[in-house]
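Welcome! Please take a moment to look over the sequence and the 3D view before reading on.

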Amino acid sequence: MPATPSPTDVLVIGAGVAGLACARDLLGAGLDVRVLEASDGVGGRMRSDRVDGFVVDRGFQVFNTSYPQVRRRLALRDLRLRPFTPGALIHTGRGWLLFTDPTRSARTLPDLLSGRLAGPGDLAALALMSGRDVLAPAAWVKRSEDRTTRTALAAAGFSDAFVERFFRPFLSGIFLEDRLETSSRFFHLVWRSMLRGTLCLPADGMGAVPRALAAALPADAVRLETPVERLTDDGVETAAGDALPARAVVVATGSGAATALLPGLDVPPSRVVTTYYHVAPRSPLPEPTLLIDERRRVLNTCVLSEVVPGYAPAGSALVATSVLGADAGGREDAVRRALSELYGADTGDWDLLTVRTITEALPAMPPPQSLLRTSRVAPGRYVCGDHRATGSVQGAMASGARAAREVLRDLAR
């Protein structure tokens, strides 16, 4: 009978950004830590695949340079970040309107000052809200009254017309819901982060972010292709039947896997998003800009190879378009028709490269929203991930950091 291995201090289940952040903090405190990952690579939902020479992220994602956890844990220069144009291009029934931060680019001024995008009242409300969010301490934003984003925008003085033209289609792609029912606290934190930072893509895809986190760990800290079947009184049992003892176990998976390992765990509903990746023979929009649709036929679309040329081989362009919900019969045809109008291009010769449906893309975040919940669920059992905080890289990493702090506090007793 094989000998039982010596207990590890902490087993972390899941090598997404929450689990990797947790493991790094625990290792930095001197504990013996192992990360068990079911798949063949780190990153969870934040992975990038190579498909016929193209870089395909698992769903459309962006990297925000202002997140505190990101700046604490990553050398941004090593990611070779490529920025989006700040703001968005809005497709309306009367053509395109450009909305960008005028403090970064004067290109938006004609659409703003002409009143085509927003009236004087909306511009005043936008300046007041943006100034408050960017200058006020984050703690003040977190303590503000929580209500739906739509209610908060109305209270801030925005007209229904501006909300429908800009905020609703733009925020639908961030919240993955189109009724603006997400927590206003989270909205203000998102708005603050966009004003203070830059939205980018790493040159090697979003998967470069978790790979950088994993590279900071000891070489033997992460065990890939090691799915965990169940938690035991002493630790965990893997799908291969191996019993691995540990003083503490941190479940750092998505919400579905977390509830399977921790029955009765309270998790929010998940938002589902599908991204269609099309290959075009030439770029339909020669700039790194997010395009949104006032009619909301799609959440957003972007020529990824304009942001990072390496996302596509030379002589072609990669277009990513996201919609709410799962893929369905005939939906790609409807998306292609919408893209033809949005880009003003013939999409008949575009090839569908692949489709990515992410079933746990984000947690639902209605008010009142707790921005960071405790990780403790039972003695020696902890859980972290964006479903315990906010649906963002910042939320996932902050949740992992909190789990590490609580584990360290408990093991020291």
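## About the model

This is a predicted model, in which local features need pLDDT of at least 70, side-chain atom pairs count only at pLDDT 80 or more, and totals for chains, interfaces and linings use all residues. Residues are numbered from 1 along each chain as its sequence is written, and side-chain values use heavy atoms, with hydrogens and water left out.

Let us begin with the strands. Helices (H or I, at least four residues) and strands (E, at least two) are DSSP runs, numbered from the N terminus. Two strands count as paired if DSSP finds at least two bridges between them.

Here, three strands make an open sheet in the order 5-9-6, with antiparallel pairing. Strand 5 (63-64) and strand 6 (81-83) are at the edges and have a single partner strand each, so one side of each is left without a neighbour in the sheet. Three bridges join strand 6 to strand 9 (residues 199-202) in the antiparallel sense. Leu81, for instance, has Pro202 in strand 9 as its bridge partner.

## Salt bridges across the sequence

Next come the charged side chains. A salt bridge is a side-chain nitrogen of Lys or Arg within 4 Å of a carboxyl oxygen of Asp or Glu. By this rule there are 26 salt bridges.

One of them joins Asp204 and Arg80, at 2.9 Å from N to O. Asp204 sits in the loop between strand 9 and helix 9 (208-215), while Arg80 sits in the loop between helix 2 (68-73) and strand 6, so the pair ties together parts that are 124 residues apart in sequence. For accessibility, buried means under 20% relative accessible area, exposed over 50%, and partly exposed in between (1.4 Å probe, protein chains only). Asp204 is partly exposed at 40%, and Arg80 is partly exposed with a relative accessible area of 40%.

## Other charged partners

Arg47 and Asp40 also form a salt bridge, at 3.0 Å from N to O. Is each of these side chains buried or exposed? Arg47 counts as buried, at 13% relative accessibility, whereas Asp40 is exposed at 52%.

Glu332 and Arg336 make another salt bridge, their closest N and O atoms lying 2.8 Å apart. Both residues belong to helix 12 (residues 331-343) and are four residues apart, about one turn of the helix. Glu332 and Arg336 are both buried. Finally, a network of salt bridges links Arg150, Glu164, Arg168 and Arg296.
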